[in-house]
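Welcome, and thanks for taking a look at this one. Below is a short briefing to read alongside the model, grouped by topic.

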Amino acid sequence: MNAVLHALPLAQTIAPALNEGPDFIEGVVLIVLGMIALAMIGCLVRLLIGPTLPDRVVALDLMGMFAVAVIAIFAILIGKPVLLSVCLIMGLILFLGTAAFALYLERRARP
């Protein structure tokens, strides 16, 4: 495995950063959580003032996906992989909800 990692130029760049330990990973996780929080605020604005109903539904779906991402990051932080199954189920339900709404809009648009 190390031979493969040392053969790839990108892996040579990333490998030293991964060896820095949990402080590096916690810093990256905090940055990612901040970025997700900013994105959720943008989605909340779109949800509240979205000009059309599909815009609002897509914003709500995206907020749900961000919640899945936060749960996945939390699972990594606390070391509980059982939460990843919650993420999987939640992602599937969000997908089905969005698909059902798209079908509803398509049928509603028919004369």
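H3 passes H4 in a left-handed crossing. Please keep in mind that this is a predicted model. The briefing starts with this helix pair, moves on to the chain as a whole, and then turns to a few residues.

**How H3 and H4 pack**

- Two packed helices are described by the angle between their axes and by the distance between those axes.
- For helix H3 (residues 22–49) and helix H4 (residues 53–78), the angle is about 160° and the axes lie 9 Å apart.
- Angles over 145 degrees count as roughly antiparallel, and H3 and H4 are therefore roughly antiparallel to each other.

**The chain as a whole**

- What does the secondary structure come to? There are five helices and zero strands in the chain.
- Following the sequence, you will read the pattern α-α-α-α-α.
- The chain has 111 residues, and buried residues make up 19% of them.

- Leu38, Ile41, Leu44, Val45, Leu48 and Ile49 make a nonpolar surface patch of about 620 Å².
- Two of these patch residues, Ile41 and Val45, are worth a look one by one.
- Isoleucine 41 lies in helix H3, and because its relative accessibility is 52%, isoleucine 41 counts as exposed; the cut-off for exposed is over 50%.
- Valine 45 is found in helix H3 as well, but with a relative accessible area of 44%, valine 45 is partly exposed.

**Residue pairs across the sequence**

- How far apart in space are isoleucine 41 and methionine 63, C-alpha to C-alpha? The distance is 9.0 Å, while in sequence isoleucine 41 and methionine 63 are 22 residues apart.
- Arginine 56 is found in helix H4, and its relative accessible area of 33% makes arginine 56 partly exposed.
- Between arginine 56 and cysteine 43 there is a C-alpha to C-alpha distance of 8.7 Å, with a separation of 13 residues in sequence.

Definitions and conventions
Residues are numbered from 1 along each chain as its sequence is written. This is a predicted model: local features need pLDDT of at least 70, side-chain atom pairs count only at pLDDT 80 or more; totals for chains, interfaces and linings use all residues. Side-chain values use heavy atoms; hydrogens and water are left out. Patches are made of residues with over 30% relative accessible area and no salt bridge: like charges are joined within 9 Å, nonpolar side chains (Val, Leu, Ile, Met, Phe, Trp, Tyr) within 5 Å. Accessible areas come from the Shrake-Rupley method with a 1.4 Å probe; for residues, only the protein chains shown count as cover. A salt bridge is a side-chain nitrogen of Lys or Arg within 4 Å of a carboxyl oxygen of Asp or Glu. Helices (H or I, at least four residues) and strands (E, at least two) are DSSP runs, numbered from the N terminus. Buried means under 20% relative accessible area, exposed over 50%, partly exposed in between (1.4 Å probe, protein chains only). Axes are lines fitted to C-alpha atoms, for helices over the stretch in contact, and angles run from 0 to 180 degrees between N-to-C directions. Angles under 35 degrees count as roughly parallel, over 145 as roughly antiparallel, 65 to 115 as roughly perpendicular and the rest as oblique. A crossing is left-handed if the near helix is turned anticlockwise from the far one by less than a right angle, and right-handed if clockwise.
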